Amino acid sequence: MATERLGVGETLEALNAALGPGGPVWFKETHARHLRARDFLVPRRALQARFEDGQVPEHVFRAVSGLQGPGVAPVRACALTPAGLALQLQRPVVFERVLGAVAAYASPASTGPRVVLHCPALRGAPGALRLSQLRAVLVADHLARALRAQGVCARRVPAVRDPHMLTFLQQLRVDWPAASPTAPSTGTLRSRAFAELSPAPDAGMLPPGVLGRLSLKELVEEQGRAAGYDPNLDSCLLTEDLLSALAELQEAVRHWPEDSPPSLAAAPGAGAAGCVVVHVLSCEDEFQQQKLDLLWWKLDDQAPPRQKHLVCGPVKAAGAAMTAPEYYEFRHAQVCKASALKRGGDPAQDPAWTEIAGVLSVATIKFEMLSTAPRSQLLLAPADSSISTKGTKSGIFVMYNCARLATLFESYKRSEEQGLYPPFPPVASLDFSLLQDEGEWLLLFNGVLPFPELLSQLAVMVPATPGLHLPARTETVCKFLVQLSMDFSSYYNRVHVLGVSTQPGQGCGGKAGGGGGRDQPAPSPAGASAPSLRSDVCPAAASEGRPRGAPRGPGSAGPPSAEPHLRPQGLRSGNVHRLIDWKANKTPHMLLKAWSHNK
């Protein structure tokens with residue numbers, strides 16, 4: 001079996017090349033309705049612009065149908081339709097190629113330049129953190145995770161010194177380093193700064209704590225104006241805080257952390273010249289950060305030439321102004337209230353729900369802050385918002401389906417250990433032609449296959465984007481997670497994944513694409529007592545005698561509520577990454593289904 005990773009980008013590139021000279025015209029289908037008939041399409045208008053009367057030459061049909069190459073998905077058929085030139089892949093082969101090497105779709109594609117992520121909002125205390133600064137903190141954490149997933153060494157600055165800020169970051173599930181007892185020395189920077197100080201006739205009128213005034217005008221004119229720095233920058237008041245911030249940035253650029261990969265540390269360009277510094281900040285802090293950038297270039301001849309700003313737009317909350325901790329407490333109270341209404345009683349009395357409520361609160365806040373492009377203004381209406389477990393656009397919905405996946409894999413692993421399932425056979429022995437349900441192809445084609453490219457966009461964009469500003473697209477990951485959760489939830493509620501079917505005449509796993517009841521425990525081996533498996537039935541549904549996912553009655557709509565199904569082990573803070581971490585899930589559910597059919 002070929003082991004190279006199939007890619008959407010590689011396939012599109014080969015398809016466009018097969019059409020001959022001209023711009024790219026192929027696009028990947030994403031909607032379930034279109035994927036029933038095709039996977040890629042050239043619209044009719046594009047064909048008419050490329051070929052006379054829109055008639056595709058025979059040699060183009062042959063080139064597209066016989067498409068091959070590294071990372072190129074195998075083609076099954078190509079035909080001219082009313083919509084345009086439609087192409088369908090050899091889906092069983094794609095299933096086998098992808099699921100047979102699924103870990104490759106979570107491993108880093110390549111390594112890139114070293115990136116220093118600087119979030120100046122973390123130098124203060126949490127009580128002074130504005131909502132726009134909270135947004136910058138969450139964007140910086142998101143960017144750090146995405147870069148590390150692509151094998152990029154991303155160092156985070158500043159190291160947090162305030163213990164209250166560290167506690168708040170832990171509440172937010174933000175992974176950020178704490179400061180060491182010894183701070184970087186500012187001696188060299190101080191000496192250079194005093195040598196550069198401008199003669200100030202008003203020196204006696206400088207504010208307390210200001211060491212002097214440094215001119216920045218020449219730097220703006222020489223290299224800042226073209227990059228996009230504010231032309232009104234002419235001078236900077238030098239303070240101890242500025243020197244300390246510069247010393248920490250200087251340390252991050254010049255010295256690799258101890259856990260950095262040796263190959264990266266020894267690579268050419270491992271110094272400041274091969275480093276990109278990304279300042280993630282709120283729009284209110286940008287002018288001050290531009291001063292710090294120019295000051296760094298003025299006082300350090302080895303300062304990195306590439307500094308970029310990822311500026312987060314303003315966050316407006318209707319009603320009374322809130323600090324970041326106040327907003328967290330507000331959302332946390334809403335989650336607890338929703339839980340109390342759903343479960344009855346006081347969830348605070350349940351220790352397991354203390355952690356769950358924190359995770360759901362953080363998921364809600366992160367999706368609110370990251371689902372809009374960082375540069376855009378974000379409008380919040382906390383007083384008018386209610387936390388619902390039935391919506392499909394929120395972090396709670398994503399976490400709910402994450403818990404589903406965690407429970408599914410845990411149940412399979414435990415059942416295998418108890419002898420309910422034999423050891424999993426080699427992937428090459430599975431019959432992937434049995435995966436004919438539309439939902440299965442939707443999960444693979446829109447979920448697994450494009451996932452590496454989704455993450456690599458950020459890693460490529462950081463060094464390649466020209467100018468000062470970095471247009472990060474955090475909302476694309478949020479949309480991906482929501483859509484993946486919706487597709488998985490729909491599939492999970494229709495199709496048996498583990499166990500035997502409740503419908504007569506169906507074997508283990510049920511018929512491909514079949515609906516009906518939920519999964520039931522597999523029969524115990526002869527002579528063995530039936531073990532106690534985690535129920536795949538909602539407690540509330542079980543009390544009514546109906547399977548989970550079955551209609552609740554006339555007028556019911558939306559996905560089932562998350563809360564009755566959640567288990568503490570299914571909602572640990574790291575599990576949200578398992579939803580898209582195909583490497584961690586060694587046996588994707590489609591493999592389990594293909595195996596059960598093969599049985």
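Biologist: So how do strand 2 and strand 4 pair, parallel or antiparallel, and over how many bridges?

Modeller: Antiparallel, over four bridges, with strand 2 covering residues 40–43. Keep in mind that this is a predicted model. For a landmark in that pairing, look at L41, which sits opposite A86 of strand 4.

Biologist: And what joins strand 3 to strand 4?

Modeller: A hairpin, through two residues. Strand 3 spans residues 75–81 and runs antiparallel to strand 4, with six bridges between them. Here L80 is the one facing L85 in strand 4.

Biologist: Is strand 4 mostly covered or mostly open?

Modeller: Mostly covered: six of its six residues, 84–89, are buried.

Biologist: Let's zoom out. How many helices and strands does the chain have?

Modeller: There are 21 helices and 12 strands. The chain has 599 residues, and 49% of them count as buried. As for contacts with a separation of 6 or more, 75% are between residues 24 or more positions apart.

Biologist: How much of the accessible surface belongs to carbon and sulfur?

Modeller: 55%, out of about 26,600 Å² for the chain.

Biologist: On to the inside. Which residues touch the most other members in the largest nonpolar core?

Modeller: L117, L134, L147, V278 and M369, in a core of 70 residues. Helix 6, residues 131–149, supplies the largest share of that core with 11 residues. There's also a second, separate core of 41 residues, including V25, V102, Y105 and L442.

Biologist: What about R97, buried or exposed?

Modeller: Also buried, at 14% relative accessible area. R97 is in helix 5, residues 91–99. Its side chain has a polar contact with the side chain of E4, at 2.9 Å.

Biologist: Switching to aromatics. How many aromatic pairs are there?

Modeller: Nine. One of them is Y412 with F424, and that pair is edge-to-face, because the planes are at 90°, with the ring centres 6.5 Å apart.

Biologist: Where do Y412 and F424 lie?

Modeller: Y412 lies in helix 15, residues 395–417, while F424 is in the loop between helix 15 and helix 16, so the pair ties together parts that are 12 residues apart in sequence. Y412 counts as buried at 5% relative accessibility, whereas F424 is partly exposed at 23%.

Biologist: And how are W441 and F445 arranged, stacked or edge-to-face?

Modeller: Stacked, at 5.1 Å centre to centre with 15° between the planes. They're four residues apart in helix 16, so about one helical turn separates them. W441 and F445 are both buried.

Biologist: What is the phi of R173?

Modeller: Positive, about 55°, although R173 is not a glycine. R173 sits in the loop between helix 7 and helix 8, the latter being residues 187–196.

Biologist: And how accessible is R173?

Modeller: Partly exposed, with a relative accessible area of 23%.

Terms used. Residues numbered from 1 in each chain as written. Predicted model: local features only at pLDDT ≥ 70, side-chain atom pairs only at ≥ 80, totals over all residues. Heavy atoms only, no water. Core = buried A, V, L, I, M, F, W, Y, C linked by side-chain atoms within 4.5 Å. Buried < 20%, exposed > 50% of the residue type's maximum accessible area, 1.4 Å probe, protein only. Polar contact = N/O pair within 3.5 Å; in protein donor to acceptor, adjacent residues only side chain to side chain. Contact = heavy atoms within 4.5 Å. Areas by Shrake-Rupley, 256 points an atom, 1.4 Å probe, with all protein chains shown as cover. Pairing = 2+ DSSP bridges. Phe/Tyr/Trp six-rings, centres within 6.5 Å; stacked < 30°, edge-to-face > 60°.
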